[in-house]
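User: Hi! Could you walk me through this one? I'd like to talk about pockets, sheets and cavities.

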Amino acid sequence: MKTTNDTENLFYAINPATGEALPGGFREHTAAEIDAAVQEAEQAFEIFRREPPQRKVALLRRIGEELEANRAALVAVCTTETALPLPRLHGELTRTINQLNLFAGLVEEGSWVGARIDRAQPQRQPAPKPDLRQWQIPLGVVCVFGASNFPFAFSVAGGDTASALAAGCPVVVKGHPAHPGTSALVGQAIDRAVQAVEMPKGVFSLIQGHSTDVGMAMVMHPLVKAVGFTGSTGGGKAIFAAASSRPEPIPVYAEMGSTNPVFILPGAIKEKSEQIAQGLVSSITLGTGQFCTNPGMVLALDSPETARFIGEIAGTLEKNATTPGIMLTPAIQQAYNDGVLRMQQVKGVSKIAGGVSRNAPCEGIAYLMQASAATLLRHPALAEEVFGPSSLLVTAEDKAQLYQVAERLEGHLTATVHATPADLEEYGELVKILERKVGRLLFNGFPTGVEVSPAMVHGGPFPATTDSRSTSVGTGAIYRFTRPVCYQDFPENALPDALKDENPLGIWRLIDGAFTKDRVSAV
Ligand code: NAP
C-alpha cells in the first residue's frame, strides 16, 4: 500500500470524534495491482506450503514482535481513525499478538494437521484393505476482509490472517476503508516480518480501497481459493453470492449479524436481578455496542418480578450511559439510528430508557426498548441485529410462548441463559432448542468478550455466518482454510512427515481409530 500526492481516486480516513477527514490520502489499488498481488501470492503458495512448521512458527511470532515494537504508533493512528479509546486499543493489540502466538504454538505442536492412518490388511476377506493416510493441506490464496469494529484483532493481522498463514495459505487482505492508516502500518509490520524470516514476498499483501469493486475483484480472482469476512449481512451475502457464482465456486467464511438473545429465567430474576441488570447494561454499552456479540435482545417471562427487573435495567442504563460513546463511522452511526427508529416505529414497541444526545459527531446513544413476545412473533424483523448500544426487552406470557420465541430464532453467534439449578430443571428444553440456533451457549454470563482459545466457537447458523461448521476465533479457525487429502498405498519415502511410519514430528495421530504418538507398526 502506498500513499500518494495524486488526487486521483484518493480516499481519506475520517476522525469519527470530529467528523473531519484526516490528513494523508490513500490511493485505491487498481485492478492490475490486485491481479499482481494475487499472482504473487499464488507463486508464494507453492514455496510457503512446503516450508517446515518451524518456519511458519517463526513468521507468526515475528509478526507479533513487529506489532509489539510499533505499539505506540499503531494505537496512536488507530485511535484517530476509530475513536476507540487507548486502553481498548492496547488490549486489542495484545490480543492480536496473542492470537498470532496461539497459532504459532498450534503449528509448533503439529497435531492440528489431523493425521489419520488406517493400516493395510492385505489378507482381509473378501477384499484386501488398502493403507490409507489422511492429513489437512492448505487451500491456496486466501482473501481476508478487515473488520471496522476490530481494527487490530479482526483486521490486517487479525485472526483470519493468523489462521490462514498458520494453515500455509498466503493472504491478500482488503483493508477496511475506515482505518487505512492503521491497516498500512500493520501491513508494513507484516512485510518486515516476511522479509526478516526470508519468506517469499507474496505470502502477504495489503489492498486498500473504498469501493466494493476492490473487494469484488479480489473475491472473483480465479487464483483466490477462500474468503474470510467480518462485517454487514449485506456485504457478507453479496460476497458469498459472488463467490458461489464463480466458474470455480469457493468457500466464504462470512461472520455477519447477530442479536445474541439473553434468556433470564424466573429463579434468576428473583435471586439476582440487580447483578444481572448491571452486567447487561455494561455488556450492551461496551464499546458503544459495536460488538457482534452485543446482547441485542433480552427475554423473560412476564411477572411482577420481571417488571421490577426491567425497571432496574432501565434505571441502570439511564444512570450509567449518560454520555454517548463515539461510533466507528458516520455510516455505522446512520445505520444504528435508522435501526433504532425502525424498531420504535413498530406498533407494540416502546422506548423505556435512553441516553442523552450531546450533539457530538458519530455519537451512539444507548437505548432500551420493550415489546411483548406476541409483538416479536408478529414482527420477526425485530430480532435482527441493530449494530450499536441498544437492546430489546421481550416478555413472554408463559413458558410455551418463551419456547415459541426460541424456536423461531434464526442463527446467532451466542445465546445466554441466566438460571438457577431449579430453573434449569424446569426449562431444560430451552437449552436443547438454543443448541440448534447458536455457536456458543453461555450460562449466567454476558456474551461480549470472546476468549481466544482452542475450545472457543465464534460462529453459528445463518444469518450469523455463511458456514455454521466453522469458527473465526480460536485454533479451530485454521480448518476454514484447509482440506483433507488421503494417500492410498503410498511408499514411506513419498509420504509427508506427518504421515510417515516413524512419526518424526512426534504428533498425535489417529491410528486405526485410536489417538497415539506411537510409530505405525505392522498389523
Ligand atoms: P461492511 O459494510 O460490510 O464492510 C466490510 C468490508 O466489506 C469493507 O471492506 C467493505 O468494503 C466490504 N464490502 C461491503 N460490501 C461489499 C460488497 N457488496 N462487495 C464487496 N465488498 C464489500 O461493514 P462495516 O463497514 O464494518 O459496517 C457496516 C455495518 O456492518 C454495521 O452497521 C453493522 O451492521 C455491520 N457490522 C457487523 C459486524 C459483525 O461483527 N457482525 C462488524 C462490523 C460491522 P468497501 O466499504 O470498500 O466497499
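User: By class, what does the lining of the second largest pocket have?
Analyst: The lining has 15 nonpolar, three polar and seven charged residues. Here Ala, Val, Leu, Ile, Met, Phe, Trp, Tyr, Cys and Pro count as nonpolar, Asp, Glu, Lys and Arg as charged, and the others, Gly among them, as polar. One caveat: this is a predicted model, where local features need pLDDT of at least 70 and side-chain atom pairs count only at pLDDT 80 or more, while totals for chains, interfaces and linings use all residues. Residues are numbered from 1 along each chain as its sequence is written, and side-chain values use heavy atoms, with hydrogens and water left out.

User: Which residues lie nearest the centre of that pocket?
Analyst: R49, E51, P53, K56 and W135 do, out of 25 lining residues. Two or more lining residues come from each of α1 (31-50), α2 (53-69), α4 (86-109), β6 (132-138) and α5 (159-167). The largest share, four residues, is from β6. Helices (H or I, at least four residues) and strands (E, at least two) are DSSP runs, numbered from the N terminus.

User: And what volume does the second largest pocket have?
Analyst: About 530 Å³. On a 1 Å grid over the protein atoms alone, a pocket is an open set of points with protein on both sides within 12 Å along at least five of seven lines, a cavity is a set where a 1.4 Å probe fits but cannot get out, and lining residues have an atom within 4 Å of a point. Points are joined across faces, edges and corners, and the volume is the space filled by probe spheres set on them.

User: Switching to sheets: in what order do the five strands of the open sheet run?
Analyst: The order is β9-β8-β7-β10-β11, with parallel pairing. Two strands pair if DSSP finds at least two bridges between them. β8 (residues 171-174) and β9 share four bridges, and V171 stands opposite F204 in β9.

User: Why is one side of β9 and of β11 left without a neighbour?
Analyst: β9 (204-207) and β11 (252-255) are at the edges and each has a single partner strand, so one side of each has no neighbour in the sheet.

User: Which strands does α7 lie across?
Analyst: α7 lies across β7, β8, β9 and β10, at about 160 degrees to β8. Axes are lines fitted to C-alpha atoms, for helices over the stretch in contact (heavy atoms within 4.5 Å), and angles run from 0 to 180 degrees between N-to-C directions. α5 lies across β7 (141-145), β8 and β10 (224-230), running at about 170 degrees to β8.

User: At what angle do α7 and α8 pack?
Analyst: About 35 degrees, with the axes of α7 (residues 212-220) and α8 (residues 233-245) 9 Å apart. M216, V219 and M220 of α7 make the contact with A238, I239, A242, A243 and S245 of α8. By class, these residues are seven nonpolar, one polar and no charged.

User: How does the lining of the largest cavity divide by class?
Analyst: Into six nonpolar, eight polar and two charged residues. The largest share of that lining, three residues, comes from β18.
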